[in-house]
Amino acid sequence: MKQSIVHIALVVSDYEEAIEFYTKKLYFELIEDTYIPEQDKRWVLIAPPNGNGCAILLARASNAEQEKFIGNQAGGRVFLFLSTDDFWRDYSKYIDEGVKFIREPTEYDYGTVAVFEDLYGNRWDLLEHKSDHVFSQKYHNKAIT
């Protein structure tokens with residue numbers, strides 16, 4: 001069996017401000033932005049540059065119940081994990097762009113990590129796995145070769 005996660009929905013309050021943040025501050029690519037008239041919504045996909053498959057669907061909240069979860073989709077835990085091939089390059093770029101880090105960079109057995117918040121307060125890990133880490137060997141190295 002071969003399966004993969006291709007999209008993760010992220011509830012946002014406004015398409016344009018979300019696109020602006022992710023493409024201008026985090027340097028993600030806008031993959032698709034298609035209006036769906038029968039549902040009066042947009043299909044907006046973004047992904048990290050040179051990513052390996054999974055994209056984020058920016059899903060505008062369509063009712064009060066969904067609005068409650070903007071910025072807190074994981075109950076205050078880290079929600080998304082952004083892997084990089086150069087932690088310090090990306091960390092410096094994000095600091096320069098005004099991205100708010102709530103946990104400073106820390107070295108662990110598995111790699112280097114810091115926690116930042118997106119424009120709504122969702123928490124993300126920015127991390128670089130060490131090359132000998134199990135995840136790195138199984139996924140990153142396979143994607144690179």
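1. Asp-96 sits in helix α3. Helices here are DSSP runs of H or I with at least four residues, strands are runs of E with at least two, and both are numbered from the N terminus. Asp-96 counts as exposed because its relative accessibility is 68%. The cut-offs are these: buried means under 20% relative accessible area, exposed means over 50%, and partly exposed lies in between, with a 1.4 Å probe and protein chains only. Asp-96 and Lys-25 are 71 residues apart in sequence, yet their C-alpha atoms are 8.9 Å apart in space.

2. A word on the source. This is a predicted model, in which local features need pLDDT of at least 70 and side-chain atom pairs count only at pLDDT 80 or more, while totals for chains, interfaces and linings use all residues. Residues are numbered from 1 along each chain as its sequence is written, and side-chain values use heavy atoms, with hydrogens and water left out.

3. Stay with α3. Which of its residues are buried? They are Phe-87, Asp-90, Tyr-91 and Tyr-94. Seen down the helix axis, these buried residues fall within an arc of 100 degrees, so they line one face of α3. The arc is taken from the directions that run from the helix axis to the C-beta atoms. An α-helix has 3.6 residues a turn, so residues three or four places apart point the same way.

4. What does that buried set pack against? The partners are α1, β5, β6 (100-107), β7 and β8. Just after α3, Gly-98 takes a positive phi of about 85 degrees.

5. Now the largest nonpolar core. It has 28 residues, and Tyr-22, Phe-28, Leu-58 and Tyr-94 have the most contacts inside it. Such a core is a set of buried Ala, Val, Leu, Ile, Met, Phe, Trp, Tyr and Cys residues joined through side-chain atoms within 4.5 Å. At least two residues of this core come from each of β1 (7-12), α1 (15-25), β3, β4, β5 (78-83), α3 (87-96), β7 (111-117) and β8 (123-129). The largest share, five residues, comes from α1.

6. Leaving aside neighbours within four places in sequence, Phe-28 is in contact (heavy atoms within 4.5 Å) with residues including Tyr-22, Ile-46, Pro-48, Leu-82, Tyr-94 and Trp-124.

7. Tyr-27, in the loop between α1 and β2 (29-36), has a positive phi near 65 degrees although it is not glycine. Tyr-27 is partly exposed, at 32% relative accessible area. Asn-50 lies in the loop between β3 and β4. Its phi is near 60 degrees, again a positive value in a residue other than glycine. Asn-50 is exposed, at 79%.

8. Phe-69 is in the loop between α2 (64-67) and β5. Phe-69 is partly exposed, with a relative accessible area of 40%. Phe-69 and Tyr-120 are 51 residues apart in sequence and 9.9 Å apart in space, C-alpha to C-alpha.

9. Last, the lining of the second largest pocket. How many residues line this pocket? There are 14, and Tyr-15, Lys-41, Arg-42, Ala-59 and Arg-60 lie nearest its centre. A pocket is an open set of points on a 1 Å grid over the protein atoms alone, where a 1.4 Å probe fits, with protein on both sides within 12 Å along at least five of seven lines; lining residues have an atom within 4 Å of a point. The largest share of the lining, four residues, comes from β4.
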